[in-house]
Amino acid sequence: MLTALVFLPLLGGIILLFLPTDNAIKRFAVIWSFIPLILSVVAWVIYPTWPEFTMLGTNCSPDIVHASQMFYLGECVQWIPVLNVNYHLGVDGISIPLIFLTTLLTTVGLYYSSRVINERVREFFFLFLLLETGMIGVFVALDFFLFYIFWEVGLVPMYFLIGIWGHAEDRPHYSAIKFFLYTLAGSVFMLLAIIAIYLNTKPNTFDIAVVMQRANQPFASDVFISTIAFFGFFLAFAIKVPIFPFHTWLPDAHTAAPTAGSVILAGVLLKLGTYGFIRILMPVFPDVFRQYAIPIAILAVISIVYGALVAMSQTDFKRLIAYSSVNHMGFVILGLAAAAIMTPDQLQNQNLFNTAASGVNGAVLAMFNHGIITGALFFLVGMLYERTHTRDLNSFGGFGAQIPVYGGLLLLTVFASLGLPGLAGFVGEFLVLRGSYATLTTLSAIAVIGIVFTAAYFLWRVIQRVLLGVADEKWAKLPDLHAFEVVTLVPLAILTVLIGVYPSWIIDTINQASVAILNLIGGI
Amino acid sequence: MDLILYLSPELILIIFALLIFGLDLLWREDTGLRLGWIALIGMVLAFFATLAISFRAAPGAPGLPIQWGNQVALFCSACKGGAVDLLTVAYAQVEDALFVSDNFTNFFRLVAVITGIGILLASFGYMSTRSKSRGEFFGLFLLAVSAMMLMGGSTNLLMIFLSTEFLSYTSYILTGYLRENKRSNEASIKYFLFGSITSAVMLYGMSIYYGATGSLNLVRIGAVFTQSTELEVMALFATALMMAGFGFKIALVPFHGWAPDAYEGAPTPVTAFLSIGPKAAGFAILIRVLLEAVIVYHNDWSTMLAILAVITMTLGNVIALTQSNVKRLLAYSSIAQAGYMLIGLAAFSMSKGIFDGLNAVLIYIFVYVFTNLGAFLVVIAIENATGAVDISQYGGMIRRAPLLAVLMAYFMLSLAGIPPTAGFIGKFFVFGSALNAGMSWLAAIGVINSVISVFYYFRVLRPMFFEPSPEGGKISVDRWLNFGLIVSALLTLLIMLFPTPLINLVSGSATMFGLVLR
C-alpha cells in the first residue's frame, strides 16, 4: 500500500515520457495523480485497522517489528543486510494528514499547471511527479538511510522546476542553486548524524522506530555525541523549515519558482523540516531537545515577529507571501519546543501532558493548515500575475469590485491565514498557544504580538492594496477567474472552512500519534 | 603452468598489444577500426580471465559452488616457478614473493579492465576522426591497462617501481598522442617532467627502506619496522618521500600540478583514462605500502593522510569553481575526489568493521570508476559531434541531445554524492569510516567540501538545461559510445539500489597478502 503510494507517481512520470503529445501528457499526469490522492484517502480511512506488517521478501528482524507498534500499514524488507538497512515504511496520525496534503496539492498543482505551462511540458510533469515520490517517501520512511535518500530525491526536481520554469526577471538560476546549496548544506550534516547514530547504537541500526524506543536510547550516556548529532539534524531541518536565521533562501526560491512550484515548496517541502522535528528530534533526542528548547523557541518567536515585520515591508506580492511562511512556520516550531521542554516527570502529570499534547497537535495542524492556505495564496498570486504580469502591490487596487470572485477567494484565504476564528488558521495557532503558554509564557506573549503584525500586513498590504481602493485605468479589462482556476482553489477553500468549523476529525487523527510520541518521551 | 594462469590477464593484454603493433605494420594502409576491435577482444578476454582466477571452487556453497577469493603468491623461493596457494601456506614461507594474485589484486584488475573497456568504446569514434596512426594508440592503451594490473599485485619495491614507471611511460606517450596538436605535446612534456622528478624522489625513499631493512619485500620490511622501533623516524621520512611518487599518480595536492594541463591537452579518452587508471593503481600501491610495510606507524601516517586529504579536496574543489573548460573542471574535480578517497585510507582503523576505512576507499574507487567514466563519455560524445569543450558551448543540450544531458546530470549528481546515485554510497562509506575512526572533524570538512563541489558540478548542467541552444541541431552519438554510457549509468544506479554485492566484493578484497591485523 505505502510502496504503491510512494512509487506510483514515479511510475506515472516514466510512462508520460513515452506519450506522444503535450496534451496527452497533461491529461495523463492529472488523471494519474488522482491515484495517489485516492490511495492517501483510503490510507487515512483504513490505517487504524491495519497495525500489522505487510512483509515483502526477506523479513525484518523481530525487534523492528516490535518497535513499530505505534506505526500502521507497516512494510519492511531487508535491503542492505550487512549495514542493517531496511526498506521500512509506516505511517501514524502525523504523517497521514501530511501525505494527504502532498497528494492533494500535487493534483491541484498539476491541474493548474496543465493550463498554464506550455513550455517543455514533458519535463515539467515528469519532475513534478518525481518530486511527489520524494515527498511522500520522506513522510513514510522509517529507516534513516531511506529517509535521507527520499529527502535528497525531492531536492533535484525542485532545482530544475525553479531553474527552468522560473520567471526570467527573478534570477531563477541564482535562486535555484541557492535553494539547492542551502538545503544540501544542512542535509549533509544530517547524514553524518545518521551515521553517528548507527555507530553508537548496540546493535547497530538505522531504524527510526527502533532508535525511538527509550530502551534503545543510543545517546543517553554520551551527552557530547548526542548533542552533536542533534545539531546535525537540527541544521538540516531548521534550514528546510526555515527558522530565522536560516531563512534567506526562501524568499528567492519562492519568488522565482513557477506557481505550482511555489505551492509545493511552501505547502509540502517546508513541512519536511517540521516533520523531521516531530519524527526524529523529539523522540530520538528528548534530552538534548529539552536542554535547547528555550533557544529554539526564541528562534521560533523571532521567526514569527521578524517574518511578519519583513512581510509588511514588501512591495512584491509573492515575496510577501513567502515571508508570511517564515512567520507561520515559527508557530509550528514554538508548539513543538513547548512540548519538548517538558521533563518525563512533568509528563506524568495529566494536566501538563495535555498541554504538551495540545502543543504538538497544534503544530501539526498548523503545518496542514499552512499547506492548504499558503498553497491557495500562491495560486492566487500566480493567477493575478498571469493577468497583470506584475506582482507590484503598489500598482494594484480596486480589484474587489473589478474581479469579485477572485476578491472573495482572496479575502477568505487571507482571513484564514491571519487566524480569523472560524477558519482553519485559527485552530492551529490557538492550540499552539494553548500548549506554549504554560511553559513559555513570555515567548507566547511575544508570539501573540506577532499575530497582530500578521493581521497588519495582510489587511494593510494585501486587502487594502489589492482589493480596496480605485482600480487603475489599465486594469479595466481584467477578466475574473476562469473556471479552471476556481476548480483549483475550491478544494483548498472547502478544507479551510471545514477545518475552521469542525476540526475534530483531523485533530483526532493527529492526537493519537502525538500522544504516542509523548508517551514514549515520558516513559509512560 | 600456474604461473601463466595467474598472470593471464596481464599476459593476454600484452600479447594483444604486440599483436596490434605487428598487424599495424602489416596492414599499413587504412586499417579502419579493425585494430580497435582486436584491442576490445583482448580486453574482454582479460576481463574473463580475471574473473576465472579470482574465484575458487567452494563445494557446498549456496547457488554456484564458487566463491570470491583465490589467493596465490608468485615468484618466491618456495614457489619453484609456480604458484603457492596463500590459504595453505604460512606467510613467512612466501614473504619474498615479487607478485601476488590475491583478492586485492583481483579487485584492481577488475577496476583496470572495466576502465579499459569503457575507454576503448569511447576512443573508437574519437581516434578515427583525429589521428591517422591508430594502431599504436590501441596497443599502448592495452599496455597501460596491463601496467595498472601489475601495480595492483606488486609486493616488492622493485616490482612497484617498474610497474609504476611502465604505467607512467605509456601514459606520457598516450597524452602526447595527437602529434600535430601543440597542447597535446605540451601536456605530455609537463606530465613527463613532473613524473620523472617525483619518480626520482620516490626511488630515494625506496632506497632508504632498503638501507634500513635490507629487504625489498614489503612484508619483510614491515616485519623489520615492527621489531625495531628505533627506525621510526627513518621509516616515516622514507614513506613521506615515497608519497611523492604515489601522490603524483593519484594527483594529490601538492603533487597535482601536472593534472589540469595534462588533462586539458590529452586526447579526451586519454584524459578519462588518466582521471581513473593511474589514480586507482596509485591507490593500490599506496595501500599496499602503508598496510604491509609501515602498518606499525599507522597513527602517524593516518594523521599525515588526513591533512593531505583536507588540502587535496579543498584546493581541488575551490579551484574547480573557477574553471570554464570542462576537461579542466573535471581534472580539478578528480583531484578533489582523490581527497575523499584519502579520507577513507586515513580512517583505516584495523577494526574489520563494515565502516572500516579500507572498505570505504575500495568502494569509493569502484563507484568513482563508473561515475567519472560516464561523465567523460558524455564530454567525449559532445566533443566528437561539435568540438565543444567549454561550458559556455554546452547551451541547450537538453534539446540537442536529451540523453546526453540527462545522463550528464545523473553523473554530476553522482560525483557530488547526492542520492540516488552510486556516488552517494561511496561518500556514505567514506564519511562513515571517518566517523568510525573518531575523525569527526575530517568527516565535517569532507561534507562541507561536497557541498562546495555541487556548485561547479551544477555549473556544467546550468547551460545544458537552462539556456537556449546557441547553434546546431541534434547531436548523434555513435553506437559504442552510447552503449558505454548506458552501461555506466545503469551501474551507477544499480550500485545505489543494490549495494550489497559491491560491499561483499570489497570486504572480500580487503583481505590482503601479509596484512596481519594486529
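How much space lies in the largest cavity? I looked this up and found about 100 Å³.

**Ground rules**

I am working with a predicted model, in which local features need pLDDT of at least 70, side-chain atom pairs count only at pLDDT 80 or more, and totals for chains, interfaces and linings use all residues. Residues are numbered from 1 along each chain as its sequence is written, chains are lettered from A and ligands numbered from 1 in the order in which they are written, and side-chain values use heavy atoms, with hydrogens and water left out.

**Cavities**

I noted the definition: on a 1 Å grid over the protein atoms alone, a cavity is a set of points where a 1.4 Å probe fits but cannot get out. A lining residue has an atom within 4 Å of a point. A volume is the space filled by probe spheres set on the points, with grid points joined across faces, edges and corners. The structure holds seven cavities of 30 Å³ or more.

I listed the lining of the largest cavity; among its residues are A:His328, A:Asn369, A:His370, A:Thr374 and A:Glu429. By class it has four nonpolar, six polar and one charged residues. For these classes, Ala, Val, Leu, Ile, Met, Phe, Trp, Tyr, Cys and Pro count as nonpolar, Asp, Glu, Lys and Arg as charged, and the others, Gly among them, as polar. H17(A) gives the largest share of this lining, five residues. Helix H15 (317-340), H17, helix H19 (404-418) and helix H20 (424-437) of chain A each supply at least two residues. Helices here are DSSP runs (H or I, at least four residues), as are strands (E, at least two), numbered from the N terminus.

Next I checked the second largest cavity, with about 70 Å³ of space. Its lining includes A:Tyr148, A:Glu152 and A:Leu184 from chain A, and B:Lys427, B:Phe431 and B:Ser450 from chain B. Two or more residues come from each of helix H6 (144-153) and H8 of chain A, and helix H18 (422-436) and H19 of chain B. H8(A) gives the most, with three residues. I counted the classes as eight nonpolar, two polar and two charged residues.

**Pockets**

A pocket is an open set of points with protein on both sides within 12 Å along at least five of seven lines. The largest pocket has a volume of about 1800 Å³. I found 48 residues in its lining, with A:Leu10, A:Phe126, A:Leu130, B:Val406 and B:Tyr410 nearest the centre. The classes are 40 nonpolar, two polar and six charged residues.

The second largest pocket has a volume of about 590 Å³. It is lined by 29 residues, and A:Glu119, A:Ile164, A:Trp165, A:Gly166 and A:His167 lie nearest its centre. H7(A) gives the largest share of this lining, three residues. Its classes are 14 nonpolar, 10 polar and five charged residues.

**Surface patch**

B:Leu403, B:Ile486, B:Leu490, B:Leu493, B:Leu494, B:Leu497 and B:Phe498 make a nonpolar patch of about 600 Å². Patch residues have over 30% relative accessible area and no salt bridge; like charges are joined within 9 Å, and nonpolar side chains (Val, Leu, Ile, Met, Phe, Trp, Tyr) within 5 Å. A salt bridge is a side-chain nitrogen of Lys or Arg within 4 Å of a carboxyl oxygen of Asp or Glu. Areas come from the Shrake-Rupley method with a 1.4 Å probe; for residues, only the protein chains shown count as cover. Helix H20 (residues 479-497) of chain B gives the most, with five residues. B:Leu493 lies in this helix and is partly exposed, at 31% relative accessible area. Buried means under 20%, exposed over 50%, partly exposed in between (1.4 Å probe, protein chains only).

**Backbone**

Most residues other than glycine have a negative phi, and most peptide bonds are trans. I looked for departures.

- A cis peptide bond joins A:Val241 and A:Pro242, with omega about -15 degrees. A:Pro242 sits in the loop between helix H10 (223-240) and helix H11 (249-256) of chain A.
- The bond from B:Val253 to B:Pro254 is cis, with omega near 5 degrees. B:Pro254 is in the loop between helix H10 (232-250) and helix H11 (258-265) of chain B.
- A:Arg120 has a positive phi, near 50 degrees. A:Arg120 counts as buried, at 14% relative accessibility.
- B:Phe75 has a positive phi, near 55 degrees. B:Phe75 lies in the loop between strand S3 (72-74) and strand S4 (83-85) of chain B, and counts as partly exposed at 39% relative accessibility.
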